[in-house]
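Colleague: Could you put the model up on the screen and walk me through it?
Modeller: Here it is.

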Amino acid sequence: MATLASTLCTGISYAGQVPVKRAGEVGRKKQRVVVVRAEGGGGINPEIRKNEEKVVDSVVVTELSKNITPYCRCWRSGTFPLCDGSHVKHNKANGDNVGPLLLKKQ
């Protein structure tokens, strides 16, 4: 699982934890939410497989409901953590080659 996590987390920085309390909650423990953001300006993929047009990896998983599930690695997807193709605009604007992680049903 460490490999999958590191594959998903290329080019991010950890911004800490933010306490979250829902409206109307009294006396309950506060939830902690991890905030992660893409590093500002330029490419997200500064050094991994730069000779490829777009870096896309596939992982075969037997317990998926769909045949292919794309996960975002550019941190710009409006449907995060799922990929919505936002990497295409990012790649054109920054000369980058980041692409999704594809989980494939076996």
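Modeller: Lys 89, Lys 92 and Ala 93 are exposed on the other side of H2, where exposed stands for a relative accessible area over 50%, buried for under 20%, and partly exposed for in between, with a 1.4 Å probe and protein chains only. This is a predicted model, in which local features need pLDDT of at least 70 and side-chain atom pairs count only at pLDDT 80 or more, while totals for chains, interfaces and linings use all residues. Residues are numbered from 1 along each chain as its sequence is written, and side-chain values use heavy atoms, with hydrogens and water left out.

Colleague: And which residues of H2 are buried?
Modeller: His 87, His 90 and Asn 91 are the buried ones in H2. Seen down the helix axis, the buried residues fall within an arc of 100°, so they line one face of H2; the arc is that of the directions from the helix axis to the C-beta atoms.

Colleague: What do the buried residues of H2 pack against?
Modeller: They pack against strand E5, residues 98-105, a contact being heavy atoms within 4.5 Å.

Colleague: What follows H2?
Modeller: Gly 95 follows H2, and its phi is positive, near 65°.

Colleague: Changing topic, how many disulfides are there?
Modeller: The count is zero, taking a disulfide as a pair of cysteine sulfur atoms within 2.5 Å. Cys 72 is in no disulfide, and the nearest cysteine sulfur, that of Cys 74, is 3.7 Å away. Cys 72 counts as buried because its relative accessibility is 4%.

Colleague: What is the overall pattern of the chain?
Modeller: Along the sequence the pattern is α-β-β-β-β-α-β, with two helices and five strands, where helices (H or I, at least four residues) and strands (E, at least two) are DSSP runs numbered from the N terminus. Of the 106 residues, 25% count as buried.
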